[in-house]
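Q: Got a structure to go through before I set anything up. Can you walk me through the packing and the voids?

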Amino acid sequence: MQENEKLFFNLMSFAALALIALPVGIACVVLGFGFGDSPCVMCWAERITMIAISLIALFIVRYGPRPGYIAALILMACWGLFNGFLHYSLDGTFGGYLDIKQGFGLEILGAHTQFWVMVVNFCVFVFLAIIILLSRNLGEIMKKTQEGAYGKFLAYLPLGRVATLVFIAIVGANCVQAFVTSGPPPYLGSSTPPRMSFDAGKWFWEKDHWNSALDFRFDWNPELPDLPK
């Protein structure tokens with residue numbers, strides 16, 4: 001493998017490592033295990049999207065930049081950006097009354113976590129553009145990938161190996177948090193999740209969103225309260 005080709009795969013490995021270790025890793029390990037913050041159902045959708053983007057980047061590192069991988073990465077980044085705008089419009093601005101500092105209320109550098117979802121997914125486009133610009137021979141790399149010039153698998157560069165190991169560790173930690181805060185299927189994430197705790201007596205699993213006809217965020221048809229007559 002030529003040096004300019006190694007540059008492309010190292011940059012892609014670094015991008016995957018940065019995405020899985022910083023926003024996803026901090027959200028799970030620091031905010032979750034450290035501060036007891038639990039993601040709501042929309043937070044989980046956004047976090048899973050970031051994990052999917054990192055996984056696609058690792059596929060590119062392992063199998064080469066196939067057109068389908070590039071298209072899937074862009075599509076998932078668009079989906080993540082849309083979810084971020086939607087979530088922030090509900091809980092960050094006009095939905096500020098929902099800010100109870102739990103799940104959808106924790107702030108980083110003065111901004112709600114939903115805001116950083118938009119920033120992270122926008123940065124995916126920026127970093128992808130930078131990688132393409134710096135990899136002036138991307139077309140040749142894609143051609144060699146399609147022709148099988150690299151073999152069935154690309155040999156792992158050191159940074160790619162590190163990114164893969166970190167990905168496995170962070171996803172594993174998220175699986176633990178998902179089980180504790182949301183439970184196994186058919187349970188779903190909560191709109192107002194309880195504090196993250198390893199005390200099983202404080203776990204709260206629910207299926208409420210399966211009953212929503214319009215949205216998986218919350219039930220648009222709540223039961224009427226028992227009012228006095």
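Q: Which residues have the most contacts inside the largest nonpolar core?
A: This is a predicted model. Its largest nonpolar core has 34 residues, and Phe-8, Met-12, Ile-20 and Leu-73 have the most contacts inside it.

Q: Which helices supply at least two residues each?
A: H1, H2 (41-63), H3 (67-92), H4 (113-134), H5 (138-147) and H6 do. The largest share, nine residues, comes from H1.

Q: And what is Phe-8 in contact with, leaving aside neighbours within four places in sequence?
A: Ile-60, Pro-65, Ile-131, Ser-135, Leu-138 and Ile-141.

Q: Where does H1 bend?
A: Helix H1 covers residues 3-34 and bends by about 50° at Gly-25. Just after H1, Gly-36 has a positive phi of about 75°.

Q: Switching topic. Thr-164: buried or exposed?
A: Buried, because its relative accessible area is 18% and the cut-off for buried is under 20%. Thr-164 sits in helix H6, residues 158-181. Apart from neighbours within four places in sequence, Thr-164 is in contact with Leu-58 and Tyr-156.

Q: What lines the largest cavity?
A: Its lining includes Ser-38, Val-180, Arg-195, Lys-202 and Trp-203. The lining residues divide into five nonpolar, three polar and two charged.

Q: And the second largest cavity, what lines that?
A: Tyr-63, Arg-66, Thr-145, Gly-148, Tyr-150, Gly-151, Lys-152 and Leu-154. That lining divides into three nonpolar, three polar and two charged.

Conventions:
Residues are numbered from 1 along each chain as its sequence is written. This is a predicted model: local features need pLDDT of at least 70, side-chain atom pairs count only at pLDDT 80 or more; totals for chains, interfaces and linings use all residues. Side-chain values use heavy atoms; hydrogens and water are left out. Helices (H or I, at least four residues) and strands (E, at least two) are DSSP runs, numbered from the N terminus. Buried means under 20% relative accessible area, exposed over 50%, partly exposed in between (1.4 Å probe, protein chains only). Contact means heavy atoms within 4.5 Å. The bend at a residue is the angle between axes fitted to the seven residues ending there and the seven starting there. A nonpolar core is a set of buried Ala, Val, Leu, Ile, Met, Phe, Trp, Tyr and Cys residues joined through side-chain atoms within 4.5 Å. On a 1 Å grid over the protein atoms alone, a cavity is a set of points where a 1.4 Å probe fits but cannot get out, and a pocket is an open set with protein on both sides within 12 Å along at least five of seven lines; lining residues have an atom within 4 Å of a point. Ala, Val, Leu, Ile, Met, Phe, Trp, Tyr, Cys and Pro count as nonpolar, Asp, Glu, Lys and Arg as charged, and the others, Gly among them, as polar.
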